[in-house]
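Have the sequence and the 3D view ready.

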Amino acid sequence: SLTINAHVMAQQCQAIVIYTGWERHALVGSDIRLSCSFFSWRWTSEEVTFSWTYRPDGSRDSISIFHYTGGEAYLDNKGPFKDRLEFVGNPGRRDGSILIKNLDFNDNGTFTCDAKNPPDIVGRPSSVRLLVFEKVPIQAGVITGAIIGVVLGLLVLVVVIYYLMRFLVARRVFSLNVRSVSGPAALCRWAFRQGLELRPEPIPGTDTCVAKLA
Amino acid sequence: MLFILLGVLLLHLVILILLIVSTAASAWSVGGNKSKDLWFDCLTTSGTYQCKHASNEEWIQAVQALMILSCIFCFCALIAFLYQLFRMVKGGQFFFTAIFQILASVFVMCGAIIYTVMRPDDATITHFGYAYVLAWVAFPLCLISGLIYIVLRKTE
């Protein structure tokens, strides 16, 4: 009996686990990719199947809109998603995602993905809820905070620039302490040619001359 | 001189109080026992308030931002006025105070105009509330106060 119990438990561990999103938001007229993947202890078999079903909001019936089996993808050709579905998954990589184009308000609802990986077929399908908006609703306070931040930022910037200009203008006087081979008078003549307004003569007894910005 | 100074300061304080009340009170539109904007949409029924948040639309958020900015700038003008009063040289102008006060009045005007234009038609709302009226009263007072600060010079 011990071996039988281990065999039963091993089978329960091998349940397939399916992953989709929880909720998806999209704008009217846009496209949305609904992703579906699974985890299974077994290698991906060649008879892996994916199927998507759709249940509109407020309805109790679901219809099948997509089925992948035997290496072929079968898309909805009669229902509400006729000519709007595209298979963008990779079954070899355990990805059964579909792409729905040109969304409308009638597409609000729950999409359920069911994947089977024979012999691993025991699993729970996973659902993703689709919400279609006319425009993305903006959160309270985002624009308020942005406007306040920008205006106060500009104010701080203006004040900083004002004080910076005052500081730079105040620093008009600077002195050159140089030892020149040709002598201080030549240096002052050079500085004068550079456009710096000078005192009439260098400070006597020193090697310095003072240059002041014009 | 002292009376002029006290009068100007009193006017400034009154404007600041008007702006704060207008910004904080959620009574820009009223109708029956319903009072809404800028922050809450409240229904008063026999002693109880049922409030929900005001809508998230962009124009309401812009009005909120402009009213808050006008309060901030009016307050900064007050601080600048007190600072320049005690630290400025004789004969100087209240430059920063005037700038802040005039900017505050511009913000109040913009906020009140945006609210007036963008208010949705609602059957339950009959007229504008007191907070809206206070905003429109604060705007010319703030402008006049700013202009006074332009011509005011520190003597004595």
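**Confidence first**

Chain B averages a pLDDT of 90, and 99% of its residues score at least 70. Here pLDDT is the predictor's confidence in each residue, from 0 to 100. For the complex, the predictor gives an ipTM of 0.85 and a pTM of 0.59.

This is a predicted model: local features need pLDDT of at least 70, side-chain atom pairs count only at pLDDT 80 or more, and totals for chains, interfaces and linings use all residues. Residues are numbered from 1 along each chain as its sequence is written, chains are lettered from A and ligands numbered from 1 in the order in which they are written, and side-chain values use heavy atoms, with hydrogens and water left out.

An unreviewed UniProt entry lists them as "signal peptide"; UniProt positions follow the numbering used here, feature names are shortened, and annotations may be inferred rather than shown by experiment. This span is 85% helix and 0% strand, and its end C-alpha atoms lie 39 Å apart. Helices (H or I, at least four residues) and strands (E, at least two) are DSSP runs, numbered from the N terminus.

Now find helix 1 (residues 2-24) and helix 2 (residues 58-87) of chain B. Their axes come within 9 Å and cross at roughly 160°. Axes are lines fitted to C-alpha atoms, for helices over the stretch in contact, and angles run from 0 to 180 degrees between N-to-C directions. Helix 1 and helix 2 of chain B are therefore roughly antiparallel, a label for angles over 145 degrees. Contact means heavy atoms within 4.5 Å. Leu5(B), Leu9(B) and Leu16(B) are among the helix 1 residues in this contact, and the helix 2 side includes Phe75(B) and Phe81(B). By class, the contact of helix 1 with helix 2 of chain B has 18 nonpolar, four polar and no charged residues. Ala, Val, Leu, Ile, Met, Phe, Trp, Tyr, Cys and Pro count as nonpolar, Asp, Glu, Lys and Arg as charged, and the others, Gly among them, as polar.

The unreviewed UniProt entry also lists residues 62-83, 95-118 and 130-152 of chain B as "transmembrane region". Residues 62-83 of chain B are 100% helix and 0% strand, with end C-alpha atoms 31 Å apart.

How do helix 3 (residues 95-118) and helix 4 (residues 130-151) of chain B cross, and at what angle? Their axes come within 8 Å and cross at roughly 155°. That makes helix 3 of chain B roughly antiparallel to helix 4 of chain B. Their contact has 17 nonpolar, six polar and no charged residues.

Methods. Parallel < 35°, antiparallel > 145°, perpendicular 65-115°, else oblique.
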